[in-house]
Amino acid sequence: MKNFIYSAGLILIISLVGCNGDDDGIEPEVITKPESVIFKIQKDEDTNEDYQINPFDHAPMTAGIEFSLTSEEENVKVAATVTIKGQKGAPDFTKEYSLEPDSENNQWLPIIGMYNGNNTVDVALKTGADSTVFSQTYTIAISIPTEGLGKAAEAQISGNFAGDEMIFAQYNISERGQDFTGIIYDLSGNIRWYSDIPNSFMQFVLNSRIYVGYKGERINRLGVYDFMGNQVEDWELPGWEDVHHDLIANELGNLVMTVSKDDESPVEQHLIELNPNSRQDNKVVNGMDLSLIFPNVDELFPDLPRGELGGNRLDHVHNNSLSSYKRGGQTVYLCGSQRSGIAAIDQNGFPQWYLFPRNVQYKDFNDSESEARMPAAGNFPRLDYDEPPSYKTLLVKPVDDNGELINDTEVTDEGKVKPGVKFVYPFRQHGARVIDYDNNSVTFLVLDNGLFRGFETHTTTASSRAVCYKVTFPEDTSEAYGGKVQQIWSTDMEFFSPFLGQSYKTPSGNYIFTFGSIGSRALTTGDTFNYNNSSDTEMKTVIVEFNSSGKEQGRLTIPTTNQSFGVGTYRAERIKL
């Protein structure tokens, strides 16, 4: 194996052997001058190239240059620039890194964002004085497997995605089951990165890291990787498994995530908070059971038997989203259930408001003590309330554009869509995502799947929506619960995505929505119901970006690999690779 030694302002090529840079008796000539640095490359022992492809085995479209960097001067900074030459309709892609000398440890210079095929890669290192330390152009061949990524490579872009952020999609590559893989597309529809992390089920991008939840019982861990595929953290989650729909960071830098318990209890009904900086082995510092706050919400819909969504375990709540805002000095979490509506719950576990129709199934709605009130057959949880609020108190009241209450009971009680009424409740929604808030209100996005909208069970013209709501809190601060809800904008789509989905605010201020199960009949046809869109003849995902007014800007369309169940893309967001 050979190493190269470079000195600022002068390049010296010295033959060396040994993985650790031990020389073979030849003393390297090192020129010492102000801000001098020594840059030594560890060549790949198999290919004899400066770079190694997929050095950590989990990111096949990456490469890295392993090097050591030392300096005879203190506080020397070295700026590294890696440029992937544009092709296939995309511009050059440049990443910049700031490197610091380290006399004890080797470092890695990432090469990410390459294409399938031959890549021209320019690598340059300069000191703070703009003196070139290293400059080289490489041709790196990357090969995406013809099998293993499903139909991901058949994606098509249309319209105009603003900005230069790429699209990270959590895509199902399995033909018959669920095997989600993180894939990054550029704005021309080319795959520029994908992950190959063992047992990975959910992947969340946060602060330029990939947080990995693993699928399977008794996998009590949360992994953290960089985009080179190098695992940088592996946290134990004693008693918890299946990090599933969402993961966010709070103002303390702690991670709040949706999980299931590691036992036989119902799945997908807990939140936990993890402190990455805790000195304890168990870094989980808080937890919340949503089923205690909103019991028996799975009975609000007549279409699926209780527990069917959870496989072998019950699935009462099926919490599928998580975001947060601040009110009165407290954090309030916004949660969405595939079983029912959207709930706001403060950091102590007390509900603040609830978005859902009053539902005609429960006639004695006004009686807070009745077993017939919402949720079905539910007794209000025994928490430390002075006066436990009824669900009537918690429900937010829909208003029109003028702030006037909507009094049509077919809308408020049954969730019907009525001509001339600019308000529609979300049904089986995903991705309740806070985008703005102040002391008096909170504004949030929702991907409204629209499954069994208005509690209807038969239609051939079903459709999904991207929608934005604003909840205004009671003017009387002594009223702690409820409020009013206004539909700010709504975009009816020409297709129907009965399950899956997510929404995010992009770095440019637009909104991106993932309609991940178009064409699926899995949850929409049965012996007692037939709810679909007859024009959806292809199984696919459509990822749509809207501007802040709800006007469509661009689409990424990906055919669904799984043609049996129709599970396509779980979520997508815009990221800086």
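**Note on a predicted single-chain model**

1. Gly 159 touches Gln 553 and Gly 554, when residues up to four places away in sequence are not counted. Gly 159 lies in strand E11, which covers residues 156–159. Its C-alpha atom is separated by 9.6 Å from that of Val 544, a residue 385 positions away along the chain. Is Gly 159 buried or exposed? With a relative accessible area of 66%, Gly 159 is exposed.

2. The sheet around Gly 159 deserves a description of its own. E11 belongs to an open sheet of five strands, in the order E11-E38-E37-E35-E34, with antiparallel pairing. E11 and strand E34 (502–505) are the edge strands; each has a single partner strand, so one side of each is left without a neighbour in the sheet. From one strand to the next, the twist averages 15°.

3. Within this sheet, strand E37 (residues 540–546) and strand E38 (residues 552–559) run antiparallel and are joined by seven bridges.

4. The bridge partner of Val 467 in E33 is Ser 490. In a regular strand the side chains alternate between the two faces of the sheet.

5. Strand E15 (residues 200–206) has seven of its seven residues buried, so it is largely enclosed by the rest of the structure. Six bridges join E15 to strand E16 (residues 209–214), and the two strands run antiparallel. Ser 200 stands opposite Tyr 214 in E16. Two residues separate the strands of the hairpin, and Asn 207 in the turn has a positive phi of about 55°.

6. Another hairpin is formed by E26 and E27, with four residues between them. Which residue in the turn has a positive phi? Gly 349 does, with a value of about 95°. Strand E26 (residues 342–346) runs antiparallel to E27 and is joined to it by four bridges. Ala 343 has Tyr 354 in E27 as its bridge partner. Strand E27 (residues 351–355) is mostly covered, as five of its five residues are buried.

7. The cysteines call for a separate remark. A disulfide is a covalent bond between the sulfur atoms of two cysteines. With the criterion that the two sulfur atoms lie within 2.5 Å, the count for this model is zero disulfides. Cys 335 is buried, at 4% relative accessible area. Cys 468 is likewise buried, at 3% relative accessibility.

8. For the chain as a whole, the secondary structure amounts to three helices and 39 strands. Of its 577 residues, 56% count as buried. Among contacts with a separation of 6 or more, 59% are between residues 24 or more positions apart. The chain exposes about 24,300 Å², and carbon and sulfur atoms supply 43% of this area.

9. The mean pLDDT of the chain is 87, and 85% of its residues reach 70 or more. Where does the pLDDT fall below 50? One such stretch is residues 1–34, which has 74 contacts in the model beyond near neighbours in sequence. Residues 370–374 also have a pLDDT below 50, and this stretch has 23 contacts beyond near neighbours in sequence.

Notes
Residues numbered from 1 in each chain as written. Predicted model: local features only at pLDDT ≥ 70, side-chain atom pairs only at ≥ 80, totals over all residues. Heavy atoms only, no water. Buried < 20%, exposed > 50% of the residue type's maximum accessible area, 1.4 Å probe, protein only. Contact = heavy atoms within 4.5 Å. Areas by Shrake-Rupley, 256 points an atom, 1.4 Å probe, with all protein chains shown as cover. Pairing = 2+ DSSP bridges. pLDDT = per-residue confidence, 0-100. Axes fitted to C-alpha atoms, helices over the stretch in contact; angles between N-to-C directions.
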